[in-house]
Amino acid sequence: MRIPNDLFKEIVGYEDLKLLFQTALEQHPSDYPVHFLLVGDVATAKTLFLLCLSRLRGSAYVLGSRVSRAGLVELLVSRKVKVLLFDEIDKVGDKECLTVLLSLMETGRIVETLHGKMRSVKLDVMVFATANDDFDLPEELLSRFVKLRFKAYRWGQFYKIAKNILVKREKIKPKIAKYIAGAVWSKLGSKDFRDCVKLARLVRKNQDIRHVRQVVKVMSKYS
């Protein structure tokens, strides 16, 4: 698998994890892929890693609270997925999804039903999943993952990463990106990079500081 040199360019720090993930990806596809579960509070770098990995050819992203067993099987088979990015796996509503995932990680196979007939499909899929906690996940599923625990960001780390994301991905001016990061942290009381992105998209077409301040004022009033 070809791995871009700048795959994790938006993430500040975590150099050891970047190297670990790159090493694992370079060895994939194989009959014995390594799977990773990223566990930690909201607003750590878990989802940010998935967003970076979504740039890989053959990757597919699913959200635990939205995916169904049938939808997951269809996605894996029809798109010939190589890297499955499973966000918020602890919030899966259709528990049969976890059965599909366990079979995939354990045997490399999933079972699908076509016209009333069952067939087994062999796939070489590497799984990156995230969870706020892993208490409700089956032990047999957890045993298939390399589990990595993330800690909440401090302000300095949050600021650098948020500014990086806004300037490079959202095309926000550096001065405005700095203001947005500070406003989300202090005025909106959030440590979630998603809130920085939402605010950035609201002001992308009018990056005048007075306009940005007005938008922040409204969001702060009703948050």
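**Exercise 1.** In which helix is the place of Phe158? State also whether Phe158 counts as buried or exposed, and list its contacts.

Solution. The model is a predicted one.

Step 1. Phe158 belongs to helix α6, which comprises residues 155-168.

Step 2. The relative accessibility of Phe158 is 0%. Buried means under 20%, and therefore Phe158 counts as buried.

Step 3. Neighbours within four places in sequence are set aside; Phe158 is then in contact with Tyr153, Ala181, Val184, Trp185, Ser190, Lys191, Asp192, Phe193 and Cys196.

Step 4. A further relation concerns Ala45: 113 residues separate it from Phe158 in sequence, while the C-alpha atoms of the two are 9.6 Å apart in space.

**Exercise 2.** Describe how α6 packs against α8, and determine which classes of residue form the contact.

Solution. 

Step 1. The axes of α6 and α8 are 10 Å apart, and the packing angle is about 40°. Angles under 35 degrees count as roughly parallel and those from 65 to 115 as roughly perpendicular; α6 is therefore oblique to α8.

Step 2. The crossing of these two helices, α6 and α8, is right-handed.

Step 3. From α6 the residues Phe158, Ile161, Ala162, Ile165 and Leu166 take part, and they meet Phe193, Cys196, Val197 and Ala200 of α8.

Step 4. Sorted by class, the contact of α6 with α8 holds nine nonpolar residues, no polar and no charged ones.

**Exercise 3.** At roughly what angle do α7 and α8 cross, and which residues make the contact?

Solution. 

Step 1. Helix α7 covers residues 174-187 and helix α8 residues 193-203; their axes come within 10 Å and cross at roughly 130°. Angles over 145 degrees would count as roughly antiparallel and 65 to 115 as roughly perpendicular, so α7 is oblique to α8.

Step 2. The crossing of α7 and α8 is right-handed.

Step 3. On the α7 side the contact involves Ile180, Ala181 and Val184; on the α8 side it involves Asp195, Cys196, Leu199, Ala200 and Val203.

Step 4. Of the residues in the contact of α7 with α8, seven are nonpolar, none is polar and one is charged.

**Exercise 4.** Give the order of the strands in the open sheet of five strands, and name its edge strands.

Solution. 

Step 1. The order is β2-β3-β6-β1-β7, and the pairing is parallel.

Step 2. β2 (59-63) and β7 (145-150) each pair on one side only, which places them at the edges.

Step 3. With direction ignored, neighbouring strands of this sheet are turned by 15° against each other on average.

Step 4. β6 is joined to β1 (residues 35-40) by four bridges, the two strands running parallel. In this pairing Phe36 stands opposite Phe128 of β6.

Step 5. β6 also pairs in the parallel sense with β3 (residues 83-87), over four bridges. Here Leu84 stands opposite Val127 of β6.

**Exercise 5.** How many of the residues of β6 are buried, and which lie on each side?

Solution. 

Step 1. Strand β6 consists of residues 126-131, and six of its six residues are buried.

Step 2. In a regular strand, side chains alternate between the two faces of the sheet.

Step 3. One side of β6 carries Met126, Phe128 and Thr130, and the other Val127, Ala129 and Ala131; both faces are covered.

**Exercise 6.** Where do Tyr14 and Lys80 lie, and what is the phi of each?

Solution. 

Step 1. Most residues other than glycine have a negative phi.

Step 2. Tyr14, although not a glycine, has a positive phi of about 60°. Tyr14 lies in the segment before α1 (15-26) and is partly exposed, with a relative accessible area of 23%.

Step 3. Lys80 is likewise not a glycine and has a positive phi of about 50°. Its location is the loop between α3 (69-78) and β3. Exposed means over 50%, so Lys80, at 63% relative accessibility, counts as exposed.

**Exercise 7.** How many helices and strands does the protein chain have, and what percentage of its residues count as buried?

Solution. 

Step 1. The chain has nine helices and seven strands.

Step 2. Of its 223 residues, 46% count as buried.

Step 3. The C-alpha trace spans about 60 × 35 × 30 Å along its principal axes.

Technical notes. Residues are numbered from 1 along each chain as its sequence is written. This is a predicted model: local features need pLDDT of at least 70, side-chain atom pairs count only at pLDDT 80 or more; totals for chains, interfaces and linings use all residues. Side-chain values use heavy atoms; hydrogens and water are left out. Axes are lines fitted to C-alpha atoms, for helices over the stretch in contact, and angles run from 0 to 180 degrees between N-to-C directions. A crossing is left-handed if the near helix is turned anticlockwise from the far one by less than a right angle, and right-handed if clockwise. Contact means heavy atoms within 4.5 Å. Ala, Val, Leu, Ile, Met, Phe, Trp, Tyr, Cys and Pro count as nonpolar, Asp, Glu, Lys and Arg as charged, and the others, Gly among them, as polar. Buried means under 20% relative accessible area, exposed over 50%, partly exposed in between (1.4 Å probe, protein chains only). Two strands pair if DSSP finds at least two bridges between them.
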